[in-house]
Amino acid sequence: MSPVTSAPHGAVTVITVDNPPVNALSQAVREGIASAVAIAEADDTCEAIIITCAGRTFIAGADIKEFGKPPLEPYLPDLVSQVETCETPVIAAIHGTALGGGFELAMGCHYRIAAKNAAVGLPEVNLGLLPGASGTQRLPRLTGAAKALDVILSGRPVNASAALEYSAIDKVSESGDLVADALTFAKECIALGPRRIRELAVPEVDPALFDETRKKIAPRTRGLISPEKIVQAVEWSTRASFDEGCAKERELFLECMASSQSAGLRHAFFAERAVGKVPGVDRNTPVRELNSVAIIGAGTMGAGIAYNCLTSGMAVTLLDNSDDGLERGANTIRGLYAGGVERGKISEDDMQAGLGRFETSQNYANISGVDIVIEAVFENMAVKKDVFAALDKVLKPGAVLATNTSTLNIDEIASATRRPEDVIGLHFFSPAHIMRLLEIVRGKDTSKEIIATSLTLAKRLRKVGVVVGNCFGFVGNRMLYSYGRENQFLLLEGAAPEYIDKTLYDWGMAMGPNVMGDLAGLDVGHKVRRERTDLPDDPRFYRVADMLAEMGRYGQKTGKGTYRYEDGSRKPVPDAEVGALIAAESERLGVQRREISGDEIIERCIYGLVVEGARILEDGIVTRSGDIDVVWTNGYGFPRHRGGPMHYADTTGLDKIYEKVCEFEARFGSMYWEPPVLLKELAESGRKFSDLA
Ligand code: 3HC
């Protein structure tokens, strides 16, 4: 059955698209609309056509699953053109979100009416693309080039009232019955006749807009190709005919579509949607209701988590054993709220309501009734076990017991309680209210219900929750160890910190590993390593970081780390003293210093990640390789346009990676570079990590 149906309503034909979940423009939908419009146009009794959608939203775009495959007719730009040239007035009736090709189709219609809570947008930039069905040519004709650039470059949807203000739509449906309002609106449209956007002129614009825009977006679009092409396409709309502009848009769109960046971003899109699918935990798994939470530990992390929970509407108790700690934590929360209000992100009322749901306590008895506890105390097993034993005594049955440990064994923590099935790891990343990643660590006894509840909580906190198994450092920090290890060796071998950092930054990492170390605090890793008993017997292992930490050079917080910092500044300044210290340490350890190429830096650090990722897959710590990619793109600044370390490896070619890893094994030894069996097998059989899913 076609996902597109037509029904007459008097003299108006209502075409309804019903292609769950989001009415994407699959081939069947395109064909269905093309044929329904042609039939209605040929029908002498039909005076207007309404295109609307069933389900939760208007068309949310082209069908991304079809990208990368040979295109099938009818092509979307042709369909949009067919709708626009139709002699019978066509009206788009929009609810939910009209996105990408969906909004482009709506702009091919002669008129647009949208439900009050609907939104329209062109989010193609998030997929490394530009609107490819004449959106870059039609939107400027409606809104002017400046607004069109803003909408297309940000990818952010515009709500109905703003869209009306910018002329992107013609009417807002106020009654709550969109189709009824569209039928009423149709009478006006019949009287006016078809209004084709292609025939409108783009409002006059200062040509300087385009270079100014390029300058403005440069810092946030570093390394990306589609934003520049978007600017070019919109610029064409202002100085060429509609058809010439469309031809240029097509050319630029196809270049983007063929790019590895778009493939990486599309992978990231689907990987983020796949993480929620955990074998054995399905839609029917019961989820516990979470309305109240206690956060144990009022440090930076605890306060950040508390704020994140408050803004999601939960009642929060912050518990700590010191007055000072609680005061500091509460001040942090008040400061975060005040900052949110100042930046216009939170209303004064929401702040007051949030603070009204917030209390502090030093007494475990006060939190006995909460639905979930998130422990965020000092990273020490004995301390955490004491906390969990105390929680076990007071908490009501059914409460979720979560730990924010970043490395420790969940099962051992759970063993301090009589309810290990209710214990789970919820590993937040700093700053907790900003970072999107939440590692959800399942212990051997954690129940499916607690996993499902944690996934729901992640969504509520606007995070992407990735369910991972229990091992040292879980996924993110376990892999970080290999990445950081190579950085540390490279320092001893003669690469300056700023050279390593710039090389990886230019490759796309949000920041280099040495800048990151200084930001996180070199003392933190040093402390964790001192507690570990399973580290390699190698005096070079993390030697530079340990040496600096032992000297009190912790990083930004002490004004000196791998870099130095001027008073009150966070700008890392290369420090000749550190260069000399590292050189002396290399000599002491007998490490030969040499010239190191940028390629070697990238290969050793990034392939180090891939090798550990392969071991994580071998150990069954994640469900699929894409889960690792989601962790690294959302929690560790891995460039999203490269898809994540495992996708990057897949696109580089596992045979090539395997060959390099073997070379590194020969040069640097098997302790770190022995190729994982899985990598060898996949490379030899011409497969990819993604083939394992
Ligand atoms: N194509 C194919 N599948 C899509 C899709 C699309 N455009 N958009 C969403 N889906 C799928 C998701 O993969 C998911 O599938 P699953 O249930 O099997 O995992 C399902 O729809 C639901 O998606 P979400 O989980 O994201 O649901 P939400 O309700 O949270 O969000 C949404 C809905 C806002 C529509 C969000 O899915 C979204 O932003 N989608 C992408 C929109 C987009 O980028 N459109 C432009 C496409 S490119 C284009 O149109 C090119 C054109 O210019 C030529």
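Ser-134 is buried, at a relative accessible area of 7%, where buried stands for under 20%, exposed for over 50% and partly exposed for anything in between (1.4 Å probe, protein chains only). The model is a predicted one, so local features need pLDDT of at least 70 and side-chain atom pairs count only at pLDDT 80 or more, while totals for chains, interfaces and linings use all residues. Residues are numbered from 1 along each chain as its sequence is written, and side-chain values use heavy atoms, with hydrogens and water left out.

Back to Ser-134: this residue sits in the loop between strand 7 (119-121) and helix 4, with helices (H or I, at least four residues) and strands (E, at least two) taken as DSSP runs numbered from the N terminus. Ser-134 has a positive phi of about 70° despite not being a glycine. As a rule, most residues other than glycine have a negative phi, and most peptide bonds are trans. Ser-167 also shows a positive phi of about 70° without being a glycine. Ser-167 belongs to the loop between helix 6 (160-165) and strand 9 (171-173) and is partly exposed, with a relative accessible area of 33%.

One joins Pro-20 and Pro-21, with omega about 0°, and Pro-21 lies in the loop between strand 2 (12-17) and helix 1 (27-42). Another runs from Glu-73 to Pro-74, with omega near -5°; Pro-74 is placed in the loop between strand 3 (48-53) and helix 2.

Next comes helix 4 (residues 135-143). Nine of its nine residues are buried, so helix 4 is largely enclosed by the rest of the structure. Among these buried residues are Arg-138 and Arg-141, along with Leu-139 and Leu-142. The cover over them includes helix 2 (76-85), helix 3, strand 6 (111-115), helix 5 (145-154), helix 9 (226-239) and helix 10 (242-257), with contact meaning heavy atoms within 4.5 Å. Just past helix 4, Gly-144 adopts a positive phi of about 90°.

Now for the ligand. Around it are 25 residues, of which Arg-56, Glu-104, Glu-124, Arg-273 and Lys-277 come nearest; a residue is near if one of its heavy atoms lies within 4 Å. A polar side-chain atom of Arg-273 is 2.6 Å from a ligand oxygen atom, an N or O atom in the side chain of Glu-104 is 2.7 Å from a ligand oxygen atom, and a backbone N or O atom of Gly-132 is 3.1 Å from a ligand oxygen atom. On its own the ligand exposes 990 Å², and the protein buries 75% of that (Shrake-Rupley method, 1.4 Å probe). Helix 3 (101-108) and helix 11 (260-274) are the elements giving two or more residues to the shell, and helix 11 has the largest share, three residues.

Terms used. Polar contact = N/O pair within 3.5 Å; in protein donor to acceptor, adjacent residues only side chain to side chain.
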